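Hi everyone, thanks for making time for this.

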Amino acid sequence: MIEGAELYQQMGERIRRRRLELGLTQVQVAMRLGIPQTSYSDLEVGRKRTRLDRVVELSGILKISPAWLAFGIGSEL
């Protein structure tokens, strides 16, 4: 079973990897989410938790499945 901190770190790695695949900067994604870049950076390194609606919004920006983004399950797209 994955513990909380590890779950957020793994989600952050998926977020970062997909952002880079799309050629987006942290600033660009943070602006689309309406949050400071520092808060977005905290998501990518797993220091900050986020609400489910934010995960869904982020998955739309990154054009990726919310379930895969949050938990690494199912299809990536």
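Predicted model: local features only at pLDDT ≥ 70, side-chain atom pairs only at ≥ 80, totals over all residues.

You'll find Arg19 in helix H1. What does its side chain make a polar contact with? That would be the side chain of Glu44, at 2.5 Å. Leaving out residues up to four places away in sequence, Arg19 also touches Leu24, Thr25, Gln26, Val29, Tyr40 and Leu62, among others.

Hold on to Leu62 for a moment. Beyond its neighbours within four places in sequence, Leu62 is in contact with Arg19, and also with Ile15, Arg18, Leu22, Leu24, Val29 and Leu69.

Leu62 also belongs to the largest nonpolar core, a set of 18 residues, and is listed there among those with the most contacts inside it, along with Ile15, Val29, Leu33, Tyr40, Leu58 and Leu69. Helices H1, H2, H3, H4 and H5 each supply at least two residues of this core. Which helix gives the most? H4 does, with four residues.

So, a closer look at H4. Its buried residues are Arg54, Val55, Leu58, Ser59, Ile61 and Leu62. They cover an arc of only 160° around the axis, so they lie on the same side of H4. Their cover includes H1, H2, H3 and H5. On the face turned away from that buried side, you'll see the exposed residues Leu52 and Gly60. And just after H4, Lys63 takes a positive phi of about 55°.

Key: Residues numbered from 1 in each chain as written. Heavy atoms only, no water. Core = buried A, V, L, I, M, F, W, Y, C linked by side-chain atoms within 4.5 Å. Buried < 20%, exposed > 50% of the residue type's maximum accessible area, 1.4 Å probe, protein only. Contact = heavy atoms within 4.5 Å. Polar contact = N/O pair within 3.5 Å; in protein donor to acceptor, adjacent residues only side chain to side chain. Arc of directions from axis to C-beta.
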